[in-house]
Structures are given as structure tokens and as C-alpha cells.
Amino acid sequence: MAQPFYMEYETRYNKMQGCIDSYKQFMNIKKHMRDEKTGLYYHGYDESRQMYWADPVTGCSPNFWLRAMGWFMVAMVDVLERMDEQLYNEYRGIMAMLKQTIEDVHKFQDEETGMFWQVMATPRRGQLPRDQRHGPLRLRRAQGRASRLPAQADGRMAEKASTAPVTSI
């Protein structure tokens, strides 16, 4: 996700001229890539629907990847950290998106091990569970850095994943 870099540039060098565009990019991601059933975000999107991996109706890729979800949440936090007070409504919009994403990702945490599957909404068919070095660690890093992150995103999910025994892998 380029948005954290874009937001940093806009706030530092461009008098925040493109900050609304960055916000709109997140809203487009939510509109086109969020699966209503799972709450997860598809790994990719092709507006032309021409790529071999793109669904011909939605343009979305077929899977939800843990690593991509982790980086997506970090990107939201990074952008939130760079938002100025003048962007109050946009801040609240991305914060609500982050809170919902954290809740939705938590639904896919393995209750027994505390870990997540690489392809999140797919049965385990031979894939390995991922430990704290992947999406959950990024989420915890994001949560720790976001001083304004809401209380319900307190890291319970990341804490459970980080204490999962290595032998579960």
C-alpha cells in the first residue's frame, strides 16, 4: 500500500493537497474489495476484470491472504498517524474501517492455537498456520504505535497469536 508514503508526502511537502485523495483510496478499497460475508479484504482487484485471477463480475482475486491483511491494517494505522486535525471526518472514517477490520480478522483466529491460516477463509487443506511473525505481529505493531487506537483494539488477538506454541506450526 502506497497510502502511508502518499500521506507523508502530502502532509510534509504539499500542504495536504492530496490527503483527501488518500482517504478516497481507502474508501474505494472498502467499496470494491471488502467481502460482505467475511468482512475480509480480497488480495487484489482488477477494475478491467481482464486479469486471469480476477473474478469476471467483481474484479476481485479469489483469496484473502493473512499477510496482505496484516499489511493493510498497518497501512491504515500509518495513515491515521499522519492525518492532521483538519482531516477529522476522514480520520474517523479510516478509524472505523480499521476497527471493523480488526473485529473481522479476529473471527478467523484459530481458537486452539491462537494462530491464523495463510489463506484466511479457506479450509486448512495442507496450509500451515502462521505464527506471530506474520499478520498478527504487524497488527500488534500497528496497535502499539497508534496512540489514538480505540480500546477494543487492545491487542487481544495479537497477544493470543504471540503466545501460540511454536510446536503448533
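Modeller: Cys 60 has a relative accessible area of 3%, so Cys 60 is buried; buried means under 20%, exposed over 50% and partly exposed in between, with a 1.4 Å probe and protein chains only. Keep in mind that this is a predicted model, in which local features need pLDDT of at least 70 and side-chain atom pairs count only at pLDDT 80 or more, while totals for chains, interfaces and linings use all residues. Residues are numbered from 1 along each chain as its sequence is written, and side-chain values use heavy atoms, leaving out hydrogens and water.

Cys 19 is buried too, at 1% relative accessibility. Even so, the disulfide count is zero, where a disulfide needs two cysteine sulfur atoms within 2.5 Å. Over the whole protein chain, buried residues make up 47% of the 169.

Now to the nonpolar core, meaning buried Ala, Val, Leu, Ile, Met, Phe, Trp, Tyr and Cys residues joined through side-chain atoms within 4.5 Å. The largest one has 29 residues, and Met 76, Met 83, Ile 94, Leu 98 and Met 120 touch the most other members. Helix 2 (19-33), helix 3 (66-82) and helix 4 (88-106) are the elements that give two or more residues to this core; helices (H or I, at least four residues) and strands (E, at least two) are DSSP runs numbered from the N terminus. Helix 3 gives the most, with eight residues. Leaving aside residues up to four places away in sequence, Met 120 touches partners that include Leu 40, Phe 64, Trp 65 and Phe 108, a contact being heavy atoms within 4.5 Å.

Phe 26 and Phe 72 make a tilted pair, 6.1 Å centre to centre with 35° between the planes. That pair links helix 2 and helix 3 across 46 residues, and both of its members are buried. Tyr 41 and Phe 72 are tilted as well, because their planes stand at 55°, with centres 4.7 Å apart. Tyr 41 lies in the loop between helix 2 and helix 3, so its pair with Phe 72 ties together parts 31 residues apart in sequence. Together, Phe 26, Tyr 41 and Phe 72 form one aromatic cluster.

Definitions and conventions:
Rings of Phe, Tyr and Trp (its six-membered ring) pair if their centres lie within 6.5 Å; planes under 30 degrees apart count as stacked, over 60 as edge-to-face and the rest as tilted.
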